Amino acid sequence: MADTVQTFLNYINGAWVPCLLGSTFDNLNPADTRDVVGRFQASGPADAEAAVQAAQKAFEGWRKLAIGKRAKILNDAASYLEKNVEQFAQELTREEGKQLNQARDEFLRSAQTFRFYATEGQTLGGETYPQDDANLHVFSHREPLGVVTVISPWNFPASIPARKLAPALITGNTVVFKPSSDAPLSGLRLVEALEKAGVPAGVVNCVTGRAGEVGPVITNSQAIRAISFTGSTSAGTQIHRTVHLSTRLQMELGGKNPLIVMEDADLDLAVDLAIKGGFSLTGQACTGTSRILVVPSVKAAFTDKLLTRVSQLKIGNGMAPGMDLGPLATEKQLQTVLNYIDIGKREARWLCGGERLTGGEFDHGYYLSPAVFTDVKNSMRIAQEEIFGPVLAIIEVADFDDALRQANDSQYGLSASIVTMNPRYMHVFTNEIQSGTVKINRTTTGNLVNAPFGGLKNSSTSTFRESGRAGLEFFTQIKTVYRGI
Ligand SMILES: NC(=O)C1=CN([C@@H]2O[C@H](COP(=O)(O)OP(=O)(O)OC[C@H]3O[C@@H](n4cnc5c(N)ncnc54)[C@H](O)[C@@H]3O)[C@@H](O)[C@H]2O)C=CC1
Ligand SMILES: O=Cc1ccc(S(=O)(=O)O)cc1
């Protein structure tokens, strides 16, 4: 079996290279751990240093390249992703566990992101400032920052790095990219797409390996002008503490996203949103629904309908059509979620799920049945801590004001939704909810390529948003020019 495992290399200074120490690590398919997805470079600090140096060397040439040429590279890379979508989607499903149709969507969305920034990046200009001197022209213009670091997690191993790489590159920055060791292949495919599209040597560099080995160089080095990171609040906090004063940060971190169900809610819709928001991607989305705040008059009916729908969900390998939930992405993630199930059983009332599935194909994967708890208090650990698994906590709230207060009683503020037809609730919710993304009669999950994305409180650094035009602003700095004659 080991002989047939494909080895993947780092991409540094325009070449695919092994790491200097010659060590590798294997990544396993979480749906069937007998399947080794690939063998990857266990890079050390020297490999990371080589990547930073290559990016430094390439910066001058890349920032001076005509923006139309940079855009063409992004568009051609998008075409390469689209052409190879079937292969890349299968690899994504094997490395992460999500359903094949979701993996296909993710690569197509990544291609769309490349195309969006190829166009939008060409519209980012400065401003002119009226003033009294007829012989003076005052204007601002934007320029790239320099070498930037992209660090991405395993849950969206293509679309999250795509929406960091594309705005960084179109604005003329060079990149050092570290994908998650738990799903590194999709990130390497993005880099391959850029290589095939003709990106010059050193403009994009990709180094796989342990955060402890690679992390300090790519986050603390004086050469790094910005870091775009998505992952846990704890890793984000650690990086935040160690970076240089002049390193710009954009961090997308955890969430504990509420769905409020009001007395006038369409309960079938509310259940649908709870299932989609809570259980798609097996609950492993930063914007996933984890708290359901429901008023007493509809709590019993909502809970009954929810449990019926949960009992119908199909769990299995994402390669098979028709599955609703795949495995957890890693053994560590499975253990984390099982631990929270134990906590939930002690502190609230367990209704269903949370059992590790065994027998047949389940014996070889990290499968867990979707769990629902009720009589949860918002102060409980399962209502406050990010679980990142298929676990829903139902919390009874007295009325709208109480729902809003409890929804806001969280260290996080990433996404929040309400199910109602009442315009007053919609209005107050929009104004008062402490959340970067606000949804009404929609799932907490999902966001557009062309709209800003990011959280409040501990869900993000309160700096720059990702996606849309905001993504371009993060990767550029403003110069104000006073030009006299
Ligand atoms: N908000 C989100 O989208 C995500 C949140 N998480 C949360 O994080 C928990 C743990 O998952 P992990 O994959 O271990 O997330 P993590 O936050 O440890 O890792 C995310 C990425 O950051 C890198 N990283 C971690 N520490 C670093 C450091 N000091 N310097 C440089 N790079 C560093 C990792 O190698 C990976 O590429 C999950 O249980 C979940 O709660 C995980 C993935 C995504
Ligand atoms: O987990 C958070 C998350 C999930 C998806 C995306 S993307 O829109 O696919 O990039 C972003 C954040």
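Visitor: Which element supplies the largest share of the shell around ligand 1?
Guide: In this predicted model, α8 does, with 3 residues. The elements α7 (211–220), β9 (224–230), α8 (233–242) and α11 (331–347) each give at least two residues to that shell.

Visitor: How many residues surround ligand 1, and which are the closest?
Guide: There are 23, and the closest are Trp-154, Lys-178, Ser-232, Leu-253 and Glu-386. A residue is near if one of its heavy atoms lies within 4 Å.

Visitor: What makes the approach of Trp-154 to ligand 1 a polar contact?
Guide: The term needs a pair of N or O atoms within 3.5 Å. A polar side-chain atom of Trp-154 is 2.6 Å from an oxygen atom of the ligand, so the pair qualifies. Gln-333 qualifies at 3.1 Å and Lys-332 at 3.4 Å, again from a polar side-chain atom to an oxygen atom of ligand 1.

Visitor: How much of ligand 1 does the protein bury?
Guide: Alone, the ligand exposes 810 Å², and the protein buries 86% of that, by the Shrake-Rupley method with a 1.4 Å probe.

Visitor: How are residues and atoms handled here?
Guide: Residues are numbered from 1 along each chain, with chains lettered from A and ligands numbered from 1 as written. Side-chain values use heavy atoms without hydrogens or water, local features need pLDDT of at least 70, side-chain atom pairs 80 or more, and totals for linings use all residues.

Definitions and conventions:
Polar contact = N/O pair within 3.5 Å; in protein donor to acceptor, adjacent residues only side chain to side chain. Helix = DSSP H or I, 4+ residues; strand = E, 2+ residues; numbered from the N terminus.
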